[in-house]
Amino acid sequence: MRRTGTTRRGALTATGALALGAVLTGCGGDDEGAGGKQPARAATAKAEKALREKAVRDGALLLARYDLVAEAHPATAAGLEPLRAAVAEHSQALAPPRAKDDPKKGAPKGDEAPPAPAGPVSADPKAVVRELAAAERRRADGYGEALLAAGPELARLLASVAAAAAAHAYLLTELAEETAV
């Protein structure tokens, strides 16, 4: 004899279909119906672009500082090179994305020289490496503060770069202790 009525399998199938329909309906919104969200998105995008541009400028200053230290104290160059390379990669990752219609927009300008860092390089290699460590600590702190103004994707990137900068500060502090005067 065939059973009639609701079975457990039928109830689970119906519940799953209703849940799937609800999820798909919630995920399928279009941007035109967002109403007042467009100006907020534009302001967030503008703020993130400014934040990225500042990060690239700060990275260029730090790269120039690494170069000056390595040039003034060649004994530290081998220890500084991997950290310098990481700072260069961070700058590339933080650069504003290129626009689809303009391949040059958002790209780093090749004809501009990086800004020269202020101040001369000390004759004491330990002091110079400690100054680099302090610069990396400031960079980590700055990116940590910038997380509050960033969207989720940029915030994750800034958190990673801040963690790397903190690690650089630690490594540079250790390098300063190992550096002979």
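So, surface first: the protein chain exposes about 12,200 Å², and carbon and sulfur atoms supply 59% of that. Keep in mind that this is a predicted model. Of the 181 residues in the chain, 29% count as buried.

On to the fold. Take the contacts with a separation of 6 or more: 77% of them come from residues 24 or more positions apart.

Now, have a look at glutamate 136, over in helix H4, residues 125-146. Is glutamate 136 buried or exposed? Buried, with a relative accessible area of 0%. Leaving aside residues up to four places away in sequence, glutamate 136 touches Leu62, Tyr66, Val87, Ala165, His168, Ala169 and Leu172.

Okay, salt bridges. The count comes to six, and I'll walk you through some of them. Lysine 49 pairs with glutamate 53 at 3.9 Å, N to O. Both sit in helix H2, residues 37-72, four residues apart, about one turn of the helix. Lysine 49 is partly exposed at 38%, and glutamate 53 is partly exposed at 32%.

Next up, glutamate 131 and arginine 65 meet in a salt bridge at 2.9 Å, N to O. That pair links distant parts of the chain, helix H4 and helix H2, 66 residues apart. Arginine 65 counts as buried at 14% relative accessibility, while glutamate 131 is partly exposed at 36%.

Last pair: glutamate 177 with arginine 130, closest N and O atoms 3.6 Å apart. Glutamate 177 is in helix H5 and arginine 130 in helix H4, so this bridge ties together parts 47 residues apart in sequence.

Notes: Residues are numbered from 1 along each chain as its sequence is written. This is a predicted model: local features need pLDDT of at least 70, side-chain atom pairs count only at pLDDT 80 or more; totals for chains, interfaces and linings use all residues. Side-chain values use heavy atoms; hydrogens and water are left out. Buried means under 20% relative accessible area, exposed over 50%, partly exposed in between (1.4 Å probe, protein chains only). Contact means heavy atoms within 4.5 Å. Accessible areas come from the Shrake-Rupley method with a 1.4 Å probe; for residues, only the protein chains shown count as cover. Helices (H or I, at least four residues) and strands (E, at least two) are DSSP runs, numbered from the N terminus. A salt bridge is a side-chain nitrogen of Lys or Arg within 4 Å of a carboxyl oxygen of Asp or Glu.
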